[in-house]
Amino acid sequence: MSAKLGETLLRENLITPQQLKEALDYQRVHGGRLASTLVRLGMLSDEEVTAVLSRQYGVSSVNLDLFEVDPSAVSLVPQETAERYSVLPLSRVGSTLTLAMVDPTNVFAIDDIKFMTGLSIEPVVVSETTLHSAIAKYYGTTRELELARVMEDLVAESTTPTTDYGEEYDSLEVEEANDEIDLENLERMSEDAPVVKLVNVILVDALRRGASDIHIEPYEKEFRVRFRMDGILYNIMNPPMKMRDALTSRMKIMARLDIAEKRLPQDGRIKIRVKLEGRSRELDFRVSTLPTIFGEKMVLRLLDKENLRLDMTQLGFEQESLEKFKRNIAKPYGMVLVTGPTGSGKTSTLYSALQSLNTPETNIMTAEDPVEFNLTGINQVQMKESIGLNFAAALRSFLRQDPNIILVGEIRDFETAEIGVKAALTGHLVLSTLHTNDAPSTVSRLMNMGIEPFLVATSVNLIQAQRLVRRICKECKVEVQTPAEALIDVGFPASDIKTVRTFKGAGCSTCNGTGYKGRVGLYEVMEITEELRELILVGASGLELRRKAIDEGMLTLRMSGLEKIRLGMTTVEEVVRETVK
């Protein structure tokens, strides 16, 4: 097809032979269709490509931006099928389904959808770029219509759902590790309630969209559900206010929380098994409730083992920073601290470190609040403040358990910091986290907690600050021109401006039209050298420590971000949002 399309474009003088060669070279490296490559490189517009394809295939073309797509037609074909074949159902007239296709000669797609729907297929040609945007738009709409149908059942207060919501929502079941409550009886009491269906739809939809958190928030005149995807919150739905108590109670029952207690915060866990895309998956949700003036706000953190990366080389470290980190976690004693705000990937980094150190001859013990993932061969302890099991108490007990490596979930107070420092000085490797803005300020934070400068200087081996920024979607990545002044303002040297290429995501079905898919880490790794130890001993400020560390080769968070821009992984906007110069 590519050769024929290229010949047609040359014959019609729409591109030059040189442009065709450039496009084919780009296609060989990056993949994709020739038509979309030409649009991506700015050689042709979507309309020009569609017109040529229409003449080449002998079928009508459609501008999806102007066409009114029928949602009932879209619902005839699952989103997975539409994405696999790059098609979109547009409308149905009698027994004929009009199907927008990037490649109208794909007989496998036509036969599959014909068999699936029982309808005759009339193909029309569209450009690949507009089709992927339309898939994201219309399948997002049908999903919201599906949620709306569930809510209508609730509003009508029906006891039996009147609609079939799909196999994946019916097959979701709660798992209990200890069988402390009678699940079968609980399911019998509530299995037909529409609120149960709605909760299942929300949990499954979060998984399908790749969300990391679900926020369920009551306000005075509004009740909303938001998902955090790649670090950004998106509004998903607004259930009626009358659903508030039913929805909250159902989730609290699933998390084994006290549904009668609405005045105090509670924490729990939901473990579910769901059949999705033909296979069964087990998921954990960490549940937190918080009483607000208009009701209980709930946040569910999705802990998906399949997305846990335990290979440090995949986290986004620069090579020099990774070598420093590996060198210091391999030491037999001392303290390694990972800092950053909530949601910056600290847990993933520490779990990756533990996994690399996890050998049969090593005794590893962790104190976590909460334990997010179960790691084989590692002794993990869940904190329970209500009975006095906090980080400090756990640390004291660990020292009597003959440990080699200790992980403390977070250093929050003087007592935990003091025991951790003493453990690091008496032959143990201690890994932990703090909430600070950068690596040098962590030293000041420990001193402010009450730890003496000489203890900090002798116990700490390495401090690492980190952030997560969104990755540019690989499917719709395009090069963009960024003014030289803006690049210099971000931090690029004037001498490098001509060699820096910047990219962004145009938006497609893969990234839900955002232009971003997944995240990558920015790392500031400060190894405590002899010179830095001397500065800490004399009480140097965070600024002085920072200057010295940079002189010794430390990459700051902003420098790490600039390197990710250089490599085409993220955008200037993302780096500016998460770092300072």
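This is a predicted model: local features need pLDDT of at least 70, side-chain atom pairs count only at pLDDT 80 or more; totals for chains, interfaces and linings use all residues.
Local features were taken at pLDDT of at least 70 and side-chain atom pairs only at pLDDT 80 or more, while totals for chains, interfaces and linings use all residues. Residues are numbered from 1 along each chain as its sequence is written, and side-chain values use heavy atoms, with hydrogens and water left out.

Strand 6 spans residues 223-229. Helices (H or I, at least four residues) and strands (E, at least two) are DSSP runs, numbered from the N terminus. Six of the seven residues of strand 6 are buried, so the strand is largely enclosed by the rest of the structure. Buried means under 20% relative accessible area, exposed means over 50%, and partly exposed lies in between (1.4 Å probe, protein chains only).

Strand 6 pairs with strand 5 and with strand 7. Pairing requires at least two DSSP bridges between two strands. Strand 5 (residues 213-218) runs antiparallel to strand 6, and six bridges join them. Four residues connect these two strands in a hairpin. Strand 7 (residues 232-237) is also antiparallel to strand 6, with five bridges. Here the hairpin has two residues between the strands. D230, in that turn, has a positive phi of about 55°. V225 of strand 6 is the bridge partner of I216. V225 is also partnered with M237 in strand 7.

Salt bridges were examined next. The criterion is a side-chain nitrogen of Lys or Arg within 4 Å of a carboxyl oxygen of Asp or Glu. The whole structure contains 26 of them. One joins R286 to E372, at 2.6 Å from N to O. R286 lies in strand 9 (residues 279-292), and E372 lies in the loop between strand 12 (364-368) and strand 13 (379-382), so the pair ties together parts 86 residues apart in sequence. R286 is partly exposed at 23% relative accessible area. E372 is buried at 13%.

Other salt bridges lie within helices. E418 and K422 meet at 3.6 Å, N to O. Both are in helix 16 (residues 414-425), four residues apart, or about one turn of the helix. E418 is partly exposed, with 27% relative accessibility. In E530 and R533, the closest N and O atoms are 3.7 Å apart. These two residues are three apart in helix 20 (residues 530-537), again about one helical turn. E530 is exposed at 54% relative accessible area, whereas R533 is buried at 16%. Finally, E217, R224, R226 and K297 are linked in a salt-bridge network.
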